[in-house]
Amino acid sequence: MKLVARSLVDESWMAEALVEARLAGAEGEVPIGAVVVFEDRVVGRGRNGRERLHDPTAHAEILALQEAARALGRWRLTGARIYATLEPCFMCAGALVNARIDKLVFAVADPKAGAVGSLFDVPRDPRLNHRVEVSSGVLATECSALLRSFFKDRRK
């Protein structure tokens with residue numbers, strides 16, 4: 001029963017990340033979103049903003065981590081979870097480790113750039129000073145459909 005409850009909680013928070021992804025898509029960005037949750041409340045939101053902000057580091061996860069750090073007044077985000085609609089890249093996976101995030105939940109694997117199991121597994125690498133618990137596949141169908149639709153429209 002507890003597993004089902006946790007799954008519903010993860011789906012609820014991933015739905016918040018999906019809202020951010022849709023906003024990114026509406027702005028002409030690749031539709032990727034993320035939220036950081038601490039003590040059952042969102043403390044950081046981010047959506048892909050590389051084009052809008054002219055910043056190669058403006059990934060959804062990075063922006064959500066920055067907002068969470070400001071909200072909590074600390075860079076160590078122990079006790080926090082992050083929900084992302086796409087498997088984080090190397091930069092974002094490294095930032096999760098550096099921020100001491102407890103858990104990452106992501107929806108869709110990224111076989112071309114993912115660093116949380118697809119190409120490498122940065123958050124669970126035992127050589128690093130912190131490891132992040134990882135769960136995947138939450139709302140994968142919805143998040144994958146959004147990405148596919150975005151890129152299909154781009155190809156037209």
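**View 1. K103 and the residues around it in this predicted model.** Skip the neighbours within four places in sequence, and K103 is in contact with D10, A80, R81, I82, V132, E133 and S135. K103 belongs to strand 4. Is K103 buried or exposed? Its relative accessible area is 11%, and since buried means under 20%, K103 counts as buried.

**View 2. The largest nonpolar core.** This core holds 48 residues, and V36, L65, I101 and L104 are the ones that touch the most other members. At least two core residues come from each of these elements: helix 1 (2–26), helix 3 (60–72), helix 4 (90–98) and helix 5 (140–155), plus strand 1 (33–38), strand 3 (80–86) and strand 4. Which helix gives the most to this core? That's helix 3, with 6 residues.

**View 3. A closer look at V36.**

**View 4. A nonpolar patch on the surface.** Here F90, L119 and F120 come together, with about 300 Å² of accessible area between them. L119 sits in the loop between strand 4 (103–108) and strand 5 (133–136). With a relative accessible area of 40%, L119 is partly exposed.

Definitions and conventions: Residues numbered from 1 in each chain as written. Predicted model: local features only at pLDDT ≥ 70, side-chain atom pairs only at ≥ 80, totals over all residues. Heavy atoms only, no water. Patch = residues over 30% accessible without salt bridge, like charges linked within 9 Å, V, L, I, M, F, W, Y side chains within 5 Å. Areas by Shrake-Rupley, 256 points an atom, 1.4 Å probe, with all protein chains shown as cover. Salt bridge = Lys/Arg side-chain N within 4 Å of Asp/Glu carboxyl O. Helix = DSSP H or I, 4+ residues; strand = E, 2+ residues; numbered from the N terminus. Buried < 20%, exposed > 50% of the residue type's maximum accessible area, 1.4 Å probe, protein only. Core = buried A, V, L, I, M, F, W, Y, C linked by side-chain atoms within 4.5 Å. Contact = heavy atoms within 4.5 Å.
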